[in-house]
Amino acid sequence: MRRAFLGYLAQRKAGLGDLTETRTSEAEWYLVQLKPNGLNRAVTNLERQGFVPFVPRERRSVRRAGKFVSVDAPVFPGYVFVELNPEDRGWRVINSTYGVARIVSFGGRPAPLPKGLVEEMAKRYALTGEAPPPFDVGEEVILREGPFVDFLARVEAVDPQQRVHLLIDFMGRQSRIVVSAEKLSKG
């Protein structure tokens, strides 16, 4: 799913054409609300119909069976972004897709998202293998994995090996911890 969308973005940037012949330059991104637990089913069926779904995901740490496990979870649970041109294709087809509750509309017509929004999200949430963003000394960050998930910490130093030394307020005391940079996000 993600590879198909990122490949599509690469095609558009390279000027290699569109993913399908029916898609035109007037195609815009729309927000689709899903039925409960309908993400995989909706994405599969939207792709079968020729639409390009996009589900931004981020790595989160969750507790399962007493252990912390890293999972790729949707950033916007219950929603999928879909590119379509309502003039070329019937957008009502999306409403009858398995796993989809409805396309978000106002005044009886689907509401397009602002231009560039989905492309910026794709850049932000893409797993490109690039180095994680650098953190400045004194900057506040949020831990995304491990036993201190969602704790706010202050950067004390950054190693060349991309390990970040943090000061965390834990039980009324400042404690030092060292974590890898990919387990952090800017606060």
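Biologist: How many helices and strands does the chain have?

Modeller: There are four helices and 13 strands, taken as DSSP runs numbered from the N terminus, with helices being H or I of at least four residues and strands E of at least two. This is a predicted model, where local features need pLDDT of at least 70, side-chain atom pairs count only at pLDDT 80 or more, and totals for chains, interfaces and linings use all residues. Residues are numbered from 1 along each chain as its sequence is written, and side-chain values use heavy atoms, leaving out hydrogens and water.

Biologist: Thanks! What is the strand order in the open sheet of four strands?

Modeller: The order is 2-5-1-6, with antiparallel pairing; two strands count as paired if DSSP finds at least two bridges between them.

Biologist: Which strands stand at the edges?

Modeller: Strand 2 (52-54) and strand 6 (100-103) do, and each has a single partner strand, so one side of each is left without a neighbour in the sheet. The twist averages 35° from one strand to the next; axes here are lines fitted to C-alpha atoms, for helices over the stretch in contact, with angles from 0 to 180 degrees between N-to-C directions.

Biologist: And how many bridges join strand 1 and strand 6?

Modeller: Three, in the antiparallel sense, with strand 1 covering residues 28-34. L34 stands opposite V100 in strand 6.

Biologist: Which strands does helix 4 lie across?

Modeller: Helix 4 lies across strand 1, strand 2 and strand 5 (79-84), and runs at about 55° to strand 2.

Biologist: Which residues of helix 4 are buried?

Modeller: In helix 4 (residues 117-125), V118, E119, M121, A122 and Y125 are buried, with buried meaning under 20% relative accessible area, exposed over 50% and partly exposed in between (1.4 Å probe, protein chains only). Seen down the helix 4 axis, these buried residues fall within an arc of 160°, so they line one face of the helix. That arc is taken from the directions from the helix axis to the C-beta atoms.

Biologist: What about the face turned away from the buried side?

Modeller: That face of helix 4 carries the exposed residues K123 and R124.

Biologist: New topic: how do strand 11 and strand 12 pair?

Modeller: Strand 11 (residues 163-170) and strand 12 (residues 173-180) pair in the antiparallel sense over eight bridges. They form a hairpin with two residues between them, and M171 in the turn has a positive phi of about 55°. F170 stands opposite R173 in strand 12.

Biologist: Last one: what share of the chain is buried?

Modeller: Buried residues make up 37% of the 187 residues.

Methods:
Contact = heavy atoms within 4.5 Å.
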